[in-house]
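Student: Please take me through one part of this structure in detail, with the criteria behind each term stated as you proceed.

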Amino acid sequence: MLQRVLLTGLISWTILGSIAPATAQKVKSTPFSYLPEQGADRYDMRVPRKTLALADGSGFVILAHQSAGGYAVERYDADLKKQWSTTIPVTPGETLEAFGRGPQQAWVVLHHKDDNGQNLAVVPVNLQSGQRGPAKVVMTAAPRDRRLGVSISPDGTRLLAFRYLTREQQVKSIAATLFDQNLAQLEEKAYDFRDQGDFFSPAVHVANDGTQYVTLISDGMKKLTVRRYPAGKSPEIKVLGVPVGGTFGGRPVTIRDARFTVLNDGSLYAAALCADYATGEYYSLKVVKYDFSGAGDMKFSPEFRFTPTYLAEVSKASGLDVKRLDDIYLGELLLTPEKQLVVVAEKHFEEGGSEAPVHARELHIFGYNEFGAPTWHSIVAKDQVAPAVDSYTGIGFRAAVFGGTVQLVTLENINKKSDLYLRRVNAQTGVVSAPERLKLNVADDRQLAYVKDFTAWLNEKTIIGVSRPSKKSAALQLEKIVVK
């Protein structure tokens, strides 16, 4: 049985009040064809979201892997009526790299590699007609170079393709090309890292206006840095960096996991889980807001320490004797309209071996107020297991923000009911509602039963998902659930 959510923070439960439970009703379902990824792609998670709601709320588009020879982009209306389906062939040597949608087109980005080289090709699909346009190669590189990368802006109006230039395994620069919604080239830029003295890990993000952010974990995995490259011909480069690791009480502490996200207020946020370098024991969570408006500034939130008191809370919530935190990874950084930040981390791991089941356990949720101060934290206990055939796509969680509430969807077996469950988190207080069953009766036979990649919200009360309803059925269903 799922244990009661443990809520701790600056305010007591009696003051916080509660969140009224939701009532869910499955409105409609339709058969859905899906072939699980094979090989390394099962664990790659390059495209973790394969259902994208349309901006006007009229429906959604899906990227479905339906055969070994390709994918299909499909558009549905809000009542699950399929409006069109377009096949995207995949040839030997090609793998899926990205999926996005803008106001007029959906994009499927494919990575191709053979003995002669590698490239990124974008296949556009018209959202109104479903007509597939010709594939456009947006970046090329030598076959032995580091894998090419791509970033799509949150609104789908900008696409940035980039390649790494390295020496002795270290990135020395990145060459990037920016494209608009119609894949017309807008500009080329180069990011130079010759001033970085040690090994570092770069990632590239593009904003809706074409601004490019290069995020770095450097200085021996102790520092989080963001470089901002404005769109256009401006040579100005702003750099904001902050050390989050170091030596504390004689303990060397480094970054174990980090996540950078451009959120809806236009700022870039970073969260880092830090751990003792010698023992691997988790030490703290640190959060930074990078604000490049005006002179540019950083807001470094007070760290959240994983003290023995916190471990005792995890033990109480999970029912296990937790002596240290292991296998905890950052999942989401979410921002409400009132500027409250919610950070969600999750414990997940493999039993061992490529064919062994994978597990996802408790959610660690942290709330920050509009000034960046940590105000509450909650621990949501769960015990999810998925077969190796669908790896991490059958476990974990999906999250969305509506007003001051974060909605969380998970697949769990609670009180002998295998189903999708909805929880709502008050972003101001940290109160977590009891899990509400969405009444899909998801099969629980250790076979493919739920594909998290397709879970999405059309609005606050309408959720789209893909699951298999019973042990007797081998067919997946595309489902629409309305929460009242």
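Tutor: A residue is called buried when its relative accessible area is under 20%, exposed when that value is over 50%, and partly exposed in between, using a 1.4 Å probe and protein chains only. The model is a predicted one, in which local features need pLDDT of at least 70 and side-chain atom pairs count only at pLDDT 80 or more, whereas totals for chains, interfaces and linings use all residues. Residues are numbered from 1 along each chain as its sequence is written, and side-chain values use heavy atoms, with hydrogens and water left out.

Lys439 lies in the loop between β33 (436–437) and β34 (456–459); strands here are DSSP runs of E of at least two residues, helices are runs of H or I of at least four, and both are numbered from the N terminus. Although Lys439 is not a glycine, its phi is positive, at about 65°. Most residues other than glycine have a negative phi. Leu183 likewise is not a glycine and has a positive phi of about 65°, but Leu183 is buried, with a relative accessible area of 5%. Its place is the loop between β13 (170–179) and β14 (185–192).

From β34 the chain passes to β35 through a hairpin of two residues. These two strands run antiparallel and are joined by three bridges, where pairing requires that DSSP finds at least two bridges between the strands. Across this pair, Asn459 stands opposite Thr462 of β35. Strand β35 (residues 462–467) is mostly covered, since six of its six residues are buried. Thr462, Ile464 and Val466 point one way, Ile463, Gly465 and Ser467 the other, and both sets are buried. β35 also pairs antiparallel with β36 (residues 476–483), over six bridges, and there Ile464 has Lys480 as its bridge partner.

Turning to the nonpolar packing, a nonpolar core is a set of buried Ala, Val, Leu, Ile, Met, Phe, Trp, Tyr and Cys residues joined through side-chain atoms within 4.5 Å. The largest such core has 26 residues, and those touching the most other members include Leu285, Phe306 and Leu325. Among the elements that each supply at least two residues to this core are β21 (268–276), α3 (308–318) and β27 (358–368). Beyond its neighbours within four places in sequence, Leu325 is in contact (heavy atoms within 4.5 Å) with Tyr282, Phe306, Tyr310, Leu311, Val314 and His364. A second, separate core of 20 residues includes Leu224, Val242, Phe260 and Cys274.
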